[in-house]
Amino acid sequence: MFGKLVEVICNYVEVEPENVKPDSRFMEDLGFTSFDFMSMLGELEDTFDVEVEEQEAAKIRTVEEAVAYLEKLAGQQ
């Protein structure tokens, strides 16, 4: 899950995969804008066949939190 998420992240911001760490923050460390983040969420929904709730997504700050959330959603199916 982490590796695939890193691939998707690198599609949206100019960052090398090896520089994406579990504790990397989307906005502060990786340079995401809120538009980038929301666009990425749409791709993650398609990639992992899940439905992301905007209120929950707004709480996600780090890559590790995103992985945990996606794993939780994937496990509910």
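**Exercise 1. The aromatic cluster**

Task: Which residues do ring pairs link into a cluster, and how are the planes of each pair arranged?

Solution. The model is predicted: local features require pLDDT of at least 70 and side-chain atom pairs pLDDT 80 or more, while totals for chains, interfaces and linings use all residues. Residues are numbered from 1 along each chain as its sequence is written, and side-chain values use heavy atoms, with hydrogens and water left out.

Step 1. The rule gives 3 aromatic pairs.

Step 2. Take Phe26 and Phe32. Their ring centres are 5.3 Å apart and the planes stand at 85°, so this pair is edge-to-face.

Step 3. Take Phe32 and Phe37. Here the centre-to-centre value is 6.4 Å and the angle between the planes is 80°, again edge-to-face.

Step 4. Join the pairs: Phe26, Phe32 and Phe37 form a cluster linked by ring pairs.

**Exercise 2. Accessibility of the cluster**

Task: Are Phe26, Phe32 and Phe37 buried or exposed?

Solution. Step 1. Set the cut-offs: buried is under 20% relative accessible area, exposed over 50%, and partly exposed in between (1.4 Å probe, protein chains only).

Step 1. Apply them. Phe26 has 1% relative accessibility and is therefore buried. Phe32, at 4%, is buried, and Phe37, at 5%, is buried as well.

**Exercise 3. Helix H1 against H4**

Task: How do the axes of H1 and H4 cross, and which residues meet?

Solution. Step 1. Helices (H or I, at least four residues) are DSSP runs, numbered from the N terminus. Axes are lines fitted to C-alpha atoms, for helices over the stretch in contact, with angles from 0 to 180 degrees between N-to-C directions.

Step 1. The axes of H1 (residues 2-12) and H4 come within 10 Å and cross at roughly 120°. Angles under 35 degrees are roughly parallel, over 145 roughly antiparallel, 65 to 115 roughly perpendicular, and the rest oblique. H1 and H4 are therefore oblique.

Step 2. List the contacts (heavy atoms within 4.5 Å). Phe2, Leu5 and Ile9 of H1 meet Val63, Ala66, Val67 and Leu70 of H4. By class, this contact has 7 nonpolar, no polar and no charged residues. Ala, Val, Leu, Ile, Met, Phe, Trp, Tyr, Cys and Pro are nonpolar, Asp, Glu, Lys and Arg charged, and the others, Gly among them, polar.

**Exercise 4. Helix H1 against H2**

Task: What is the crossing angle of H1 and H2, and what classes of residue make the contact?

Solution. Step 1. The axes of H1 and H2 (residues 34-48) come within 10 Å and cross at roughly 140°. The two helices are therefore oblique to each other.

Step 1. On the H1 side the contact residues are Lys4, Leu5, Val8, Ile9, Asn11 and Tyr12; on the H2 side they are Asp36, Ser39, Met40, Glu43, Leu44, Thr47 and Phe48. Sorted by class, the contact has 7 nonpolar, 3 polar and 3 charged residues.

**Exercise 5. Arg25**

Task: Where is Arg25 found, and what is Arg25 in contact with, leaving aside neighbours within four places in sequence?

Solution. Step 1. Arg25 is in the loop between H1 and H2. At 36% relative accessible area, Arg25 is partly exposed.

Step 1. With neighbours within four places left aside, Arg25 contacts Leu30, Arg61 and Thr62. Arg25 and Val63 are 38 residues apart in sequence, yet 6.5 Å apart in space, C-alpha to C-alpha.

Definitions and conventions
Rings of Phe, Tyr and Trp (its six-membered ring) pair if their centres lie within 6.5 Å; planes under 30 degrees apart count as stacked, over 60 as edge-to-face and the rest as tilted.
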